[in-house]
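User: Can you walk me through this one? I'd like to start with the strands and then look at the aromatic rings.

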Amino acid sequence: STTIAYQLPKASMVSLKIFNTLGQLVVMLLEERREAGSFQARWNASDVPSGVYFYRLQAGEFVQSKKSILVK
């Protein structure tokens, strides 16, 4: 498993999704309204193969994508 940490400067709707290299949605970790503060989301990747994945965090109008390499 891996942990993705993020901070919100103000309350907003938060979405955190994991995609494979083909752009297919692997899992939606989070889709809910959160208050301002620091948070962590845990991805248990035991059911997916090793490889490169991308996670996309969207909070209000803010969007960030990052690459993650999963090695088992």
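Predicted model: local features only at pLDDT ≥ 70, side-chain atom pairs only at ≥ 80, totals over all residues.

User: How do S2 and S3 run, parallel or antiparallel?

Analyst: Antiparallel: strand S2 (residues 12-20) is joined to strand S3 (residues 25-34) by eight bridges.

User: Which residue in S3 stands opposite Ile18?

Analyst: That is Val27.

User: And what about the hairpin, how many residues sit between the strands?

Analyst: Four residues lie between S2 and S3, and Gly23 in this hairpin has a positive phi near 85°.

User: Switching to the rings. How many aromatic pairs are there?

Analyst: The count is two aromatic pairs. In one of them, Tyr6 and Phe39 have ring centres 5.6 Å apart and planes at 25°; planes under 30 degrees apart count as stacked, so this pair is stacked.

User: Where in the chain do Tyr6 and Phe39 come from?

Analyst: Tyr6 is in strand S1 (residues 2-8) and Phe39 is in strand S4 (residues 37-43), so the pair links distant parts of the chain, 33 residues apart.

User: Are Tyr6 and Phe39 buried or exposed?

Analyst: Tyr6 and Phe39 are both buried.

User: Why is the pair of Trp43 and Tyr53 edge-to-face?

Analyst: Their planes are at 75°, and over 60 degrees counts as edge-to-face, so the pair gets that label. The ring centres of Trp43 and Tyr53 are 5.4 Å apart.

User: Which strands does that pair link?

Analyst: Trp43 lies in strand S4 and Tyr53 in strand S5 (residues 51-59), with the two residues 10 apart. Both Trp43 and Tyr53 are buried.

Conventions:
Residues numbered from 1 in each chain as written. Heavy atoms only, no water. Pairing = 2+ DSSP bridges. Phe/Tyr/Trp six-rings, centres within 6.5 Å; stacked < 30°, edge-to-face > 60°. Buried < 20%, exposed > 50% of the residue type's maximum accessible area, 1.4 Å probe, protein only.
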